[in-house]
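Me: I would like to learn how to read strands and helices in a model. Could you take me through it step by step?

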Amino acid sequence: MKFKKLGSVAALIVSAVVLTSCGTDNKAKFIKDNAELAKSSTQKFDLKTDDLKVSATGDAKAYMPIINGYLADFKLSGKVVTDDKKSQTNMDVSVAGQSIPMEFLTQGENAYLRLDTLRPLVELYAQYSGAGEYFRDIDMTFIKGKYLDINAISEESKGSSVSVEDYNKAMAKALDSVDKSDFSQKGSAVTLNLSGAKIGKLLKVYLASVGSLIKDMIKSLEETAGDDDLEKRVPRIIKSITIITDSKKKTSDIVINFTGKESDNIALDGKLSYQVKYSNEKDTVKMPTQSNLIKSTDEFGRLLSESIQFDYSDYGNVE
């Protein structure tokens, strides 16, 4: 479970920093440029693990070769298209030689995941399930054109839904707490450099702003951190973050450098890189109809069961 502890903090840091880029002194220019770029109708993004490695001591050490094998070729790339208040995100996750496409649609606080793009993921699930040796094929008829209503599933599990606008407002407040000396400018590019300790401080402000909206997540993070303060925990994992926003080139580049130091017997070394290119390509986003929405885990599970085909004809035969 120590992976979960390290992962939850790292995931929050990544998501919080990414939101700053979805969004005269250098600090003011940085905030303004990000806000203008965020209005672009199209965003193309790439996330890479550059020499990212995990090390561990104790029982977790045995899993390191497997985890690092997955990290070695992990890539995530995609495109976000905005049409008025609707948006469509298409991404491709590459891991362990497998390409997994995903499509999300959002409108306000509503979010939907297209199911028939997940065939590779469903195949992996079927092959590695308890009856994997009997797996034969997937009948896409049952899930074609269907979308998972993420908010409905979240409410079913007593979660909470928050719009991107809410997250951006919270991050805007967090950026106000950053010192002007942490920003620099070269040409049309403005750079924000933050040390691990300053990242921890920014996250505390961010969580205080958005905390009322995502109480369950905040509670989980507090339980994960225990008595440890974010300003102490984050520097153990993150060495620094650099964000470069170029209003002329219409790009944003984020690099997260990890310390390689152990926290709960787990250490992250290397870096993550996230690049975004903005443009104003015109496209239409079509939202799913109510009849194509899957609103419960029971219904989702039933559709998966109907879609995955097994052949038990040889079951019980002994050579």
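Me: How many bridges join β5 to strand β7, and in which sense do the two run?

Reply: In this predicted model, β5 and strand β7 (residues 147-149) are joined by three bridges and run antiparallel. Within this pairing, Tyr112 stands opposite Asp149 in β7.

Me: Which residue is the bridge partner of Leu105 in β5?

Reply: The partner of Leu105 is Tyr112, which belongs to the pairing of strand β4 (residues 98-107) with strand β5 (residues 110-114), antiparallel and held over four bridges. These two strands form a hairpin with two residues between them, and in the turn Gly108 has a positive phi of about 65°.

Me: Where do these strands sit in the sheet, and which strands are at its edges?

Reply: The sheet is open and mixed in its pairing, with 12 strands in the order β8-β9-β10-β11-β12-β1-β2-β3-β4-β5-β7-β13. Its edge strands are β8 (183-186) and β13 (293-294), each of which pairs on one side only. Elsewhere in this order, β10 (residues 238-246) and β11 (residues 251-263) pair in the antiparallel sense over eight bridges, and Asp246 has Thr251 in β11 as its bridge partner.

Me: Why do the buried residues of helix α7 line one face?

Reply: The general idea is that an α-helix has 3.6 residues a turn, so residues three or four places apart point the same way. In α7 (residues 196-210), the buried residues are Gly196, Ile199, Gly200, Leu202, Leu203, Tyr206, Leu207 and Val210. Seen down the axis of α7, these buried residues fall within an arc of 165°, so they line one face of the helix.

Key: Residues are numbered from 1 along each chain as its sequence is written. This is a predicted model: local features need pLDDT of at least 70, side-chain atom pairs count only at pLDDT 80 or more; totals for chains, interfaces and linings use all residues. Side-chain values use heavy atoms; hydrogens and water are left out. The expected span of a helix is 1.5 Å times one less than its number of residues. Buried means under 20% relative accessible area, exposed over 50%, partly exposed in between (1.4 Å probe, protein chains only). The arc is that of the directions from the helix axis to the C-beta atoms. Two strands pair if DSSP finds at least two bridges between them.
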